[in-house]
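Please consult the sequence and the structure alongside the text.

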Amino acid sequence: MTMMKTFTLKQKEIKKEWFLINANGVVLGRLASYISKVLRGKHKTTFSPHLDCGDNVIVINAEKIKLKGKKAKDKIYYKHTGYPGGIKSTNPEKILSSSNPERVLEMAVKRMLSNNKISRDLLRNLRVFKGENHNLEAQKPKLIEFSAMNRKNI
């Protein structure tokens, strides 16, 4: 009888890469789904659910992201201040036209990850920038042509 050994990844064996994604004209939900998969590390064969084995992601042109249908006006984001009657609401159209348009993508990715300590650590591996420029050239990120992966991504 032969014994099969199960592979388990160790913390010192993790190799993280940097990826760059251009969000110009890309659909928000499809991009957020792909980013959450890369941050979690599910695209790797060495995926371990109890470790942060995902990669780092840089997203540029966050203000040029698209939402399908009437979601830009009809979708509502809520937050509560903690005080009675302190519920605040806004929509993606207002956030994208504000000074922090990257918040829409960050919220979408955060809500696609599970709500635990590992996912809070994974969000530190996501960097979202408003324009073309970013300050992470030293990491030599690999460009991912997300819009060319599927015709529905645009």
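E102 lies in helix 4, which covers residues 102-112. Helices (H or I, at least four residues) and strands (E, at least two) are DSSP runs, numbered from the N terminus. The model is predicted: local features need pLDDT of at least 70, side-chain atom pairs count only at pLDDT 80 or more, and totals for chains, interfaces and linings use all residues. Residues are numbered from 1 along each chain as its sequence is written, and side-chain values use heavy atoms, with hydrogens and water left out.

E102 is buried yet has no salt bridge; the nearest side chain of opposite charge, K130, is 5.8 Å away. Here buried means under 20% relative accessible area, exposed over 50%, and partly exposed in between (1.4 Å probe, protein chains only). Lys and Arg count as positive and Asp and Glu as negative, while His and the chain ends are not counted. A salt bridge requires a side-chain nitrogen of Lys or Arg within 4 Å of a carboxyl oxygen of Asp or Glu.

Not counting residues up to four places away in sequence, E102 touches A62, V128 and K130, where contact means heavy atoms within 4.5 Å. The buried residues in helix 4 are E102, V104, L105, M107, A108 and V109. Their cover includes helix 1, strand 2, strand 3 (77-80), helix 3 (92-96) and strand 5.

Four strands form an open sheet in the order 5-2-1-6, with parallel pairing. Strand 5 and strand 6 (142-144) stand at the edges, each with a single partner strand, so one side of each is left without a neighbour in the sheet. Neighbouring strands of this sheet are turned by 25 degrees against each other on average, direction ignored; axes are lines fitted to C-alpha atoms, for helices over the stretch in contact, and angles run from 0 to 180 degrees between N-to-C directions. Two strands pair if DSSP finds at least two bridges between them. The pairings are listed below.

| Strand pair | Sense | Bridges |
|---|---|---|
| Strand 1 (residues 18-22) and strand 2 | parallel | five bridges |
| Strand 2 and strand 5 (residues 126-128) | parallel | three bridges |
| Strand 1 and strand 6 | parallel | three bridges |

L20 has L143 in strand 6 as its bridge partner.

Strand 2 (residues 56-60) is mostly covered, with five of its five residues buried. In a regular strand the side chains alternate between the two faces of the sheet. Both faces of strand 2 are covered: N56, I58 and I60 are buried on one side, and V57 and V59 on the other.

Strand 1, helix 1 (residues 28-40) and strand 2 make a right-handed β-α-β unit. A crossover is right-handed if, with the strands pointing away from the viewer, the path from the first strand over the helix to the second runs clockwise.

N22 lies in strand 1 and, at 29% relative accessibility, counts as partly exposed. Leaving aside its neighbours within four places in sequence, N22 is in contact with I60, N61 and E132.

**The whole chain**

The protein has five helices and six strands, following the pattern β-α-β-α-β-β-α-α-α-β-β along the sequence. Its C-alpha trace spans about 65 × 40 × 30 Å along the principal axes. Of the 154 residues, 39% count as buried. Among contacts between residues at least 6 apart in sequence, 68% join residues at least 24 apart.
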